[in-house]
Each structure stands twice: as C-alpha cells, then as structure tokens.
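Please load the model in a viewer and keep the selection panel at hand. The tour below moves from one selection to the next.

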Amino acid sequence: MNRSAQLALAGLVSFSLFSCSMLGAGSKDFVMMGSPHVPSAEGNARISTTDDGNTQIDVTVKHLAPPEKINPEATVFVVWVQGNTESAEAHNLGALKVNDNLDGSITAVTPLKTFDLYITAEPSANVNVPGGDTILRTNVEAK
C-alpha cells in the first residue's frame, strides 16, 4: 500500500472511531418513574455533559394527561431539578413543549451533576417553587 493510501485509510479509521464515539459519548438515559396521578405517563431523560462541563438534560415524555385534569388550576407541565443535599432548592428548568398527542420534550442545562429531576403540573411556567403533584421523577447521577 502506498503512503497516500495509508494516510487516507488512517484518516478514515480515525474519523469512523471519532464518529462512533460521539454517538453515545458521555450520554446516559434515565427512566422517569410515573405517579398514580397519570399512570400511563412515560418519561425518559438523556443526560450528557456539555463542552463547558455543565449537564445537559433532554427530557421526552409520552401519554400525559392534560394538566388541568391533574390539577384544576394547572395549564402547563414544569420540569424541575433539585440537588440531593438537605438544603437544596428546586430550580425551574422550564415548561415542557407538549403536542396534541400529549407527548412533550424539553432540553435544558444545569451545573448540577447529581440531582432529582421531576415534572409537575403548574398554573404557570414561571412558578418559582413546585406546587403541584409530581407526575414523573428520576434521580440523576452524572459523571
């Protein structure tokens, strides 16, 4: 094999290995456990590390009930993170974007590495503390 072919092959192998490593590099899936309030709801959180060392959270949910069926005052589902220390406060990551089939998703970033991740039905996307019952929950331990 000539030098050009060797370099081309080495480049192709390197690119292939890099591409494969990037497909699942550093990401981990967490199943979100449902509550009796919405027994059909399913959720998944894909956790990965951003280039600057933060934790990226990609939540997808299926089979939600309308928020007002869970809490009469609710209009939206809010996603929360809360550190695992006793004094940790919950932080609102934002509202789920929910379609007509009641499937939803959100992508958010937090500096936390270990935390509870949960979803509540709330009257507004701008609430500062969770007030509704938890619909889906998981505990995340990122690298």
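**First stop: a charged pair**

Select aspartate 116 and arginine 137, whose side chains meet in a salt bridge at 3.7 Å, N to O; the term denotes a side-chain nitrogen of Lys or Arg within 4 Å of a carboxyl oxygen of Asp or Glu. The pair links distant parts of the chain, with aspartate 116 in strand 8 and arginine 137 in strand 9, 21 residues apart. Strands here are DSSP runs (E, at least two residues), numbered from the N terminus. Aspartate 116 is partly exposed, with a relative accessible area of 21%, and arginine 137 is partly exposed as well, at 34%. For these classes, buried means under 20% relative accessible area, exposed means over 50%, and partly exposed lies in between (1.4 Å probe, protein chains only).

The model is predicted: local features need pLDDT of at least 70, side-chain atom pairs count only at pLDDT 80 or more, and totals for chains, interfaces and linings use all residues. Residues are numbered from 1 along each chain as its sequence is written, and side-chain values use heavy atoms, with hydrogens and water left out.

Next, select strand 8, residues 114–122, where seven of the nine residues are buried. On one side, eight bridges join strand 8 to strand 4 (residues 76–83), and the two run antiparallel; phenylalanine 77 has alanine 121 of strand 8 as its bridge partner. Seven bridges join strand 8 to strand 9 (residues 134–141), again antiparallel, and phenylalanine 115 is partnered there by valine 140.

Nine of them form an open, antiparallel sheet in the order 5-4-8-9-1-2-3-7-6; two strands pair if DSSP finds at least two bridges between them. Strand 5 (90–95) and strand 6 (97–98) stand at the edges with a single partner strand each, so one side of each has no neighbour in the sheet.

How many salt bridges does a search of the whole structure find? It finds two. For the other one, select arginine 46 and aspartate 29, whose side chains meet at 2.7 Å, N to O. Arginine 46 is in strand 2 and aspartate 29 in strand 1, 17 residues apart. Aspartate 29 also stands opposite arginine 46 in the strand pairing, and five bridges join strand 1 (residues 28–34) to strand 2 (residues 42–49). Arginine 46 counts as partly exposed at 41% relative accessibility, as does aspartate 29 at 39%.

Finally, select Ile57, Val59, Phe77, Leu96, Leu117, Ile119 and Ile135, which touch the most other members of the largest nonpolar core, a set of 27 residues. Such a core consists of buried Ala, Val, Leu, Ile, Met, Phe, Trp, Tyr and Cys residues joined through side-chain atoms within 4.5 Å. Strand 8 gives the most to this core, with four residues. Apart from this core lies another, of six residues, among them Trp80, Ala90, Tyr118 and Val127.

To end, centre the view on isoleucine 57. Leaving aside neighbours within four places in sequence, its contacts (heavy atoms within 4.5 Å) include Arg46, Val81, Leu93, Phe115 and Leu117.
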